[in-house]
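Here is a briefing on one protein chain. Please look over the sequence and the structure first.

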Amino acid sequence: MLLPVLILLLCLVGGGAVLFYLKTSKPKSREQADPAAQTAQQFVNVRDIQGNFLYTQDGWALCYLRLFPISLDLLSAAEKRLLINKLTAELSSIRFPFKFLAVSRPVDISPLITGLAALLPAADPKQKELLRQEMLEMNTFALSGEVVERQFYLTLWQRQEAGGDRDLLERAKRLAQHFEEGQVQAQLLKQQDIVQLCNLVNNPAYTHLESTSPEAAFPFLSLQEV
């Protein structure tokens with residue numbers, strides 16, 4: 001008879017402890033419980049983008065460099081070894097971390113199609129047939145989204161503190177200079193470029209066919225007499 005009573009007491013004590021915990025524990029916020037309630041800015045952890053910096057909500061400042069690729073197929077074996085040794089020597093003095101990012105971006109090939117169409121009037125019948133086949137092939141690529149280019153970026157970061165932005169910008173410029181001296185073109189991203197990079201990373205199908213202005217624009221209605 002003693003064992004069933006002990007089991008019943010243990011069940012009552014355990015149930016009471018669980019009930020007490022559920023009542024005293026803080027409920028999760030709506031944003032944590034429901035991801036759909038988060039804004040896009042909260043989801044990507046971006047607080048603001050100004051100048052050459054992206055500021056995150058958890059207290060970090062980020063700076064970005066874009067590296068323009070070079071075709072190694074056009075270099076001889078000796079030129080490749082020279083390039084490798086030069087880049088190694090330039091980057092050996094870097095003592096701060098950075099992250100390499102490679103993303104694919106759809107390419108707008110409409111100027112190529114327009115250029116092929118401009119050649120049609122002056123072409124002979126055989127050339128016209130070849131140009132039409134090439135334009136048809138280009139249109140197929142454009143509609144399928146298979147024409148992409150690889151873009152390469154470096155990310156640097158620093159805690160948001162007094163003088164942190166200046167130090168981060170100096171490191172980014174120094175790193176860009178080392179790549180330039182190593183015969184690799186590097187560009188420090190500005191506000192508009194960072195916005196385009198965020199769109200490209202979070203939406204792989206994004207393509208910027210025209211410049212995107214991150215500044216807010218407010219339309220005004222003017223009253224005119226009839």
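In helix 7, the residues G164, L168, L169, R171, A172, L175, A176, H178 and F179 are buried, where buried means under 20% relative accessible area, exposed over 50%, and partly exposed in between, with a 1.4 Å probe and protein chains only. The cover over these buried residues includes strand 2, strand 3, helix 4, strand 5 and strand 6 (186-188). The model is predicted: local features need pLDDT of at least 70, side-chain atom pairs count only at pLDDT 80 or more, and totals for chains, interfaces and linings use all residues. Residues are numbered from 1 along each chain as its sequence is written, and side-chain values use heavy atoms, with hydrogens and water left out.

**Helix 7 and its end**

- Helix 7 has 18 residues and spans 26 Å from its first C-alpha to its last, close to the 26 Å expected at 1.5 Å a residue. The expected span is 1.5 Å times one less than the number of residues in the helix.
- Helices (H or I, at least four residues) and strands (E, at least two) are DSSP runs, numbered from the N terminus.
- H178 sits in helix 7. With 14% relative accessibility, H178 counts as buried.
- Beyond residues up to four places away in sequence, H178 touches E90, L91, S93 and I94. Contact means heavy atoms within 4.5 Å.
- Just after helix 7 comes Q183, with a positive phi of about 70°, although Q183 is not a glycine.
- Most residues other than glycine have a negative phi.
- Q183 belongs to the loop between helix 7 and strand 6. The residue is exposed, at 54% relative accessible area.

**Helix 4**

- Helix 4 (residues 77-91) has 15 residues. From first C-alpha to last it reaches 21 Å, close to the 21 Å expected at 1.5 Å a residue.
- Which residues of helix 4 are buried? They are L83, L87 and E90.
- Seen down the axis of helix 4, its buried residues fall within an arc of 65°, so they line one face of the helix. The arc is that of the directions from the helix axis to the C-beta atoms.
- An α-helix has 3.6 residues a turn, so residues three or four places apart point the same way.
- The buried residues of helix 4 pack against helix 7 (164-181).
- Turned away from that buried side, the other face of helix 4 carries the exposed residues A77, R81, L82, I84, N85 and A89.

- L72 lies in the loop between strand 3 (60-67) and helix 4.
- Its relative accessible area is 43%, and L72 is partly exposed.
- Leaving out residues up to four places away in sequence, L72 touches K80 and L83.
- L72 and L83 are 11 residues apart along the chain, and 9.7 Å separates their C-alpha atoms.

**Largest pocket**

- The largest pocket holds about 350 Å³ of space. A pocket is an open set of points on a 1 Å grid over the protein atoms alone, where a 1.4 Å probe fits, with protein on both sides within 12 Å along at least five of seven lines. Grid points are joined across faces, edges and corners, and the volume is the space filled by probe spheres set on the points.
- Its lining has 16 residues, of which L54, L62, Y64, K99 and V201 lie nearest the centre of the pocket. A lining residue has an atom within 4 Å of a point.
- Strand 2 (53-56), strand 3, strand 4 (99-106), strand 5 (148-159) and helix 8 (191-202) each supply at least two lining residues.
- Helix 8 gives the largest share of the lining, five residues.

**Two further residues**

- T56 is in strand 2 and counts as buried, at 8% relative accessibility.
- Apart from its neighbours within four places in sequence, T56 is in contact with N45, R47, L62 and Q160.
- F141 lies in helix 6 (residues 125-144). At 28% relative accessibility, F141 counts as partly exposed.

**Whole chain**

- The protein chain has eight helices and six strands. Along the sequence they follow the pattern α-α-α-β-β-β-α-β-α-α-β-α-β-α.
- Of its 226 residues, 24% are buried.
- Among contacts with a separation of 6 or more, 68% join residues 24 or more positions apart.
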